[in-house]
Amino acid sequence: MIYHVRPQWDEVWLAMADTISLRATCDRGRSGCVIVRDNRVLTAGYVGSPPGLPHCDEVGHELVTVTHQDNSLSEHCVRTIHAEQNAILQAAIIGVSIKGATLYCRMTPCRTCAMFIVACGIEKVVCERKYRSGADSEKMFLEAGVELLYMSDEIQKYDGE
């Protein structure tokens with residue numbers, strides 16, 4: 001007899017975040033996010049432009065070049081809102097507290113998303129993999145007492161990297 005192996009909750013919520021990412025409208029970082037408390041979904045978000053504004057998939061990217069502390073350069077699209085930010089915004093729109101919740105996402109949240117996560121009282125962040133410039137966020141989470149868990153040590157890569 002073959003028994004069904006039930007996935008662990010972290011695997012379920014990360015799979016849901018991946019499914020949500022299918023709605024993302026920027027092909028540079030199709031990412032999704034799910035915020036959960038007591039194994040119940042509170043809210044979700046994906047990478048996309050603010051409502052009523054054009055999406056990258058429709059009009060192209062709005063790229064800026066960022067210079068990092070080590071003087072390396074990278075390009076980032078600023079047309080869209082990150083998945084983590086959209087999930088937090090959705091909680092505000094529908095009036096759901098996310099204090100004490102766990103956030104599931106594809107990679108280490110950026111510095112701005114990390115500040116939002118800390119400020120709204122999320123207690124744990126679970127990422128599929130690491131982001132190449134996630135050290136600031138990792139430090140911030142450590143200082144703020146936000147638990148950070150990676151399912152893999154793999155570094156998230158984008159097309160063309």
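This is a predicted model: local features need pLDDT of at least 70, side-chain atom pairs count only at pLDDT 80 or more; totals for chains, interfaces and linings use all residues.

Entry 1: Is Leu89 buried or exposed, or in between? Its relative accessibility is 41%, so Leu89 counts as partly exposed, since that class runs between the 20% and 50% limits. I found Leu89 in helix α3. Leu89 forms a nonpolar surface patch with Ile93 and Ile94, and together the three have about 310 Å² of accessible area.

**Entry 2: the largest core.** Next I went inside. A general point I kept in mind is that nonpolar side chains tend to be buried together in soluble globular proteins. Which residues of the largest nonpolar core touch the most other members? I noted Ile35, Ile98, Leu103, Ile117 and Val125, out of 25 residues in that core. Six elements are listed as giving two or more residues to this core: β1 (32–37), α3 (83–94), β5 (102–107), α4 (111–119), β6 (124–129) and α5 (135–144). The largest share comes from α3, with four residues.

Which residues does Ile117 contact, once neighbours within four places in sequence are left aside? I wrote down Ile88, Leu103, Pro109, Ile122, Val125 and Phe141. Leu103 and Val125 were already on my list of core members that touch the most others.

Entry 3: I turned to helix α5 and asked which of its residues are buried. They are Ser137, Met140 and Phe141. These residues cover an arc of only 100° around the axis, so they sit on the same side of α5. The other side of α5 has Ala135, Lys139, Leu142 and Glu143, which are exposed. What do the buried residues of α5 pack against? I noted α4, β6 and β7 (147–150). After α5 comes Gly145, with a positive phi near 80°.

**Entry 4: salt bridges.** How many salt bridges does the structure hold? I found five, and I took notes on some of them.

I looked at Arg106 and Asp18 to begin with, whose closest N and O atoms are 2.9 Å apart. This pair joins distant parts of the chain, with Arg106 in strand β5 and Asp18 in helix α1 (residues 9–20), 88 residues apart. Arg106 counts as buried because its relative accessibility is 18%, under the 20% limit. Asp18 has a relative accessible area of 27%, so it is partly exposed.

Then I noted Glu62 and Arg79, with closest N and O atoms 3.8 Å apart. Glu62 is in the loop between α2 (56–59) and β3 (63–67), and Arg79 is in the loop between β4 (73–77) and α3, so the pair ties together parts 17 residues apart in sequence. Glu62, at 39% relative accessibility, counts as partly exposed.

My last pair was Arg129 and Glu128, whose side chains meet in a salt bridge at 3.3 Å, N to O. Arg129 counts as buried at 18% relative accessibility, and Glu128 counts as buried at 13%.

Key: Residues are numbered from 1 along each chain as its sequence is written. Side-chain values use heavy atoms; hydrogens and water are left out. A nonpolar core is a set of buried Ala, Val, Leu, Ile, Met, Phe, Trp, Tyr and Cys residues joined through side-chain atoms within 4.5 Å. Buried means under 20% relative accessible area, exposed over 50%, partly exposed in between (1.4 Å probe, protein chains only). Contact means heavy atoms within 4.5 Å. Patches are made of residues with over 30% relative accessible area and no salt bridge: like charges are joined within 9 Å, nonpolar side chains (Val, Leu, Ile, Met, Phe, Trp, Tyr) within 5 Å. Accessible areas come from the Shrake-Rupley method with a 1.4 Å probe; for residues, only the protein chains shown count as cover. A salt bridge is a side-chain nitrogen of Lys or Arg within 4 Å of a carboxyl oxygen of Asp or Glu. The arc is that of the directions from the helix axis to the C-beta atoms.
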